Amino acid sequence: MNAIWFCPLFESPMDDFGYDVTDMYTIDPDLGTLEDFDQLLADAHNSGFTADRQGDTISPEEPVKPQ
């Protein structure tokens, strides 16, 4: 095994098992923090793992954010 697949990570009301993202900039609090994820990703890369994530859909609750 040399890869990690991350399924829904972003903040979500969990109406669709996390695929209904309400904030694409925040890790869901039930899953930790962005700092936790950054550390996990760094550790995975340092151990030779490839990491990818599952694409998510946007919830109607997702506010439009300026870029």
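Start with Ser12, in the loop that runs between strand 2 (10-11) and strand 3 (20-21). Before going on, note that this is a predicted model.

Is Ser12 buried or exposed? Its relative accessible area is 10%. Ser12 counts as buried because that value is under the 20% cut-off.

Next, what does the side chain of Ser12 make a polar contact with? The partner is the side chain of Asp20, at 2.8 Å. Leaving out residues up to four places away in sequence, Ser12 touches Gly18, Asp20, Val21, Thr22 and Asp28.

Take the last name in that list, Asp28. You will find Asp28 in the loop between strand 4 (23-27) and helix 1 (34-46). The side chain of Asp28 reaches the backbone nitrogen of Ser12 at 3.1 Å. With residues up to four places away in sequence again left out, Asp28 touches Leu9, Phe10, Glu11, Ser12 and Met14. Asp28 has a relative accessible area of 3%, so Asp28 is buried as well, by the under 20% rule.

Now move along to Pro29, which is also in the loop between strand 4 and helix 1. Pro29 has a relative accessible area of 60%. Exposed means over 50%, so Pro29 is exposed. Along the chain, Pro29 and Glu11 are 18 residues apart, and their C-alpha atoms are separated by 7.0 Å.

How many residues does helix 1 have? It has 13, and from the first C-alpha to the last it reaches 18 Å, close to the 18 Å expected at 1.5 Å a residue. As a general point, an α-helix has 3.6 residues a turn, so residues three or four places apart point the same way. Just after helix 1, look at Gly48, which takes a positive phi of about 90°.

Finally, the whole protein. There are 1 helix and 6 strands, and from the N terminus on the order is β-β-β-β-α-β-β. The protein has 67 residues, and 24% of them count as buried; Ser12 and Asp28 are among the buried residues. As for contacts between residues at least 6 apart in sequence, 56% join residues at least 24 apart.

That is what I have.

Note on methods:
Residues numbered from 1 in each chain as written. Predicted model: local features only at pLDDT ≥ 70, side-chain atom pairs only at ≥ 80, totals over all residues. Heavy atoms only, no water. Helix = DSSP H or I, 4+ residues; strand = E, 2+ residues; numbered from the N terminus. Buried < 20%, exposed > 50% of the residue type's maximum accessible area, 1.4 Å probe, protein only. Polar contact = N/O pair within 3.5 Å; in protein donor to acceptor, adjacent residues only side chain to side chain. Contact = heavy atoms within 4.5 Å. Expected span 1.5 Å × (residues − 1).
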